[in-house]
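Hi,

Here is the structure I promised to pass on to you. Have a look at it first, then read my notes below.

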Amino acid sequence: MSCHKAIPTIALIGGIGSGKSAVAKTVNSFRPIRVIDADKIGHEVLDFPEVQQKIRARFGSVVFNEQGIIMRKELARLVFGESKQYQEALDALEKIVHPEIHRRLEQEIVAARSAGQVDAILVDAAVILEAGWQKLCDHIVFIECPFEQRLLRVTENRGWSAAELTKRENQQLPLSEKRKLATSVIHNDQDLESAGLQLSRFIDSILPTEKETI
Ligand SMILES: CC(C)(COP(=O)(O)OP(=O)(O)OC[C@H]1O[C@@H](n2cnc3c(N)ncnc32)[C@H](O)[C@@H]1O)[C@@H](O)C(=O)NCCC(=O)NCCS
Ligand SMILES: Nc1ncnc2c1ncn2[C@@H]1O[C@H](COP(=O)(O)OP(=O)(O)OP(=O)(O)O)[C@@H](O)[C@H]1O
């Protein structure tokens with residue numbers, strides 16, 4: 001286990017449904033790492049009163065249910081799409097939630113670093129490059145998986161259509177650009193164990209040697 005000062009922080013990037021969360025979870029099952037899930041943080045900030053106030057002002061009451069909870073499916077319908085109107089809506093949503101997500105991400109990374117006890121901190125944040133949050137990380141790892149396989153996984157496991165996947169992916173940086181910015185590529189077109197081992201080997205390769213931590 002590494003000295004906490006040296007705990008590397010790794011951003012996991014890749015196409016939608018490429019397996020960022022699943023591969024991180026797999027590694028977490030056999031070695032001590034901390035996984036920070038930015039999608040989850042993104043969901044949590046939607047409960048903040050000041051965030052809700054701004055979302056109501058921009059998107060209206062249609063995205064709230066009777067209990068005053070934001071219906072993510074409705075919000076998704078308004079911000080993911082091909083035309084300029086969707087891009088403007090997504091920009092507006094990001095302007096409201098991204099500062100909060102960034103703040104929480106930073107807090108969680110700092111807390112994980114000071115807690116120590118782990119070999120690495122994995123930041124699972126689909127839009128980390130688009131949002132400029134990669135500055136919080138020391139390394140970027142790209143999870144590679146063909147479109148057909150990703151589509152199959154998100155249709156089977158999330159009930160998404162091909163259009164849902166494409167709409168969202170078109171509002172992200174092209175995958176070729178993301179791949180170019182990565183330090184390492186993990187192939188997740190086989191079983192999760194194989195991808196988990198590749199990521200674990202990458203973690204080994206960046207851990208400081210015992211001599212370096214003295
Ligand atoms: C629009 C919302 C309510 C839809 O919620 P939903 O539960 O359907 O999706 P979820 O948040 O789980 O995201 C699933 C995937 O959609 C894609 N996605 C989400 N937000 C964005 C975005 N701003 N730009 C492009 N793709 C996105 C990502 O690949 C993500 O992994 C939600 O995604 C949201 O609030 N997005 C804006 C905040 C954000 O950027 N979150 C991502 C943090 S990494
Ligand atoms: N190698 C694999 N074998 C079988 N199923 C897999 C594999 N990798 C991922 N999956 C499944 O595919 C689905 C998508 O994976 P996951 O949610 O990890 O993708 P993601 O990259 O985190 O997606 P997003 O960009 O939306 O956050 C999940 O249900 C996951 O369990």
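A quick word on the names: helices (H or I, at least four residues) and strands (E, at least two) are DSSP runs, numbered from the N terminus. Before going on, please keep in mind that this is a predicted model, where local features need pLDDT of at least 70 and side-chain atom pairs count only at pLDDT 80 or more, while totals for chains, interfaces and linings use all residues. Residues are numbered from 1 along each chain as its sequence is written, and chains are lettered from A and ligands numbered from 1 in the order in which they are written.

**The sheet**

Strand E1 (residues 9–14) runs parallel to strand E3 (residues 120–124), and 4 bridges link them. Two strands count as paired if DSSP finds at least two bridges between them.

Is E3 mostly covered or mostly open? Mostly covered: 5 of its 5 residues are buried. Buried means that 20 or more other C-beta atoms lie within 10 Å of a residue's own; with 12 or fewer the residue is exposed, and in between it is partly exposed (C-beta atoms are placed from the backbone). In a regular strand the side chains alternate between the two faces of the sheet. In E3, Ala120, Leu122 and Asp124 are buried on one side, and Ile121 and Val123 are buried on the other.

**Helices that pack**

On the H1 side, Ala22, Val23, Thr26 and Val27 are in contact with H10 residues, including Leu192 and Leu199. Contact here means C-beta atoms, placed from the backbone, within 7 Å. By class, the residues of this contact are 6 nonpolar, 3 polar and 1 charged. Ala, Val, Leu, Ile, Met, Phe, Trp, Tyr, Cys and Pro count as nonpolar, Asp, Glu, Lys and Arg as charged, and the others, Gly among them, as polar.

Now compare helix H3 (residues 49–59) with H5: they pack at about 175°, with axes 10 Å apart. So H3 and H5 are roughly antiparallel to each other. Val51, Lys54, Ile55 and Arg58 of H3 meet Ala92, Ile96, Val97 and Glu100 of H5. This contact has 5 nonpolar, no polar and 3 charged residues.

**Around the ligands**

Ligand 1 has 19 residues around it, and Ala38, Gly42, Arg72, Ala76 and Ala126 come nearest. A residue is near a molecule or strand if its C-beta atom, placed from the backbone, lies within 6 Å of it. Helix H2 (38–45), helix H4 (72–79) and helix H5 (84–115) each give two or more residues to this shell, with H5 giving the largest share, 5 residues. The classes are 12 nonpolar, 3 polar and 4 charged.

Ligand 2 is surrounded by 17 residues, the closest being Gly19, Ser21, Ala22, Arg153 and Asn157. H1, helix H7 (147–158) and H10 each supply two or more. Here the classes are 6 nonpolar, 7 polar and 4 charged.

**Two single residues**

Gln117 sits in the loop between H5 and E3. Gln117 has a positive phi of about 65° although it is not a glycine. Why does Gln117 count as exposed? Because it has 11 other C-beta atoms within 10 Å. Glu164, in helix H8 (residues 162–170), has 18 such atoms within 10 Å, so Glu164 is partly exposed.

Cheers

Methods:
Two residues are in contact if their C-beta atoms, placed from the backbone, lie within 7 Å. Axes are lines fitted to C-alpha atoms, for helices over the stretch in contact, and angles run from 0 to 180 degrees between N-to-C directions. Angles under 35 degrees count as roughly parallel, over 145 as roughly antiparallel, 65 to 115 as roughly perpendicular and the rest as oblique.
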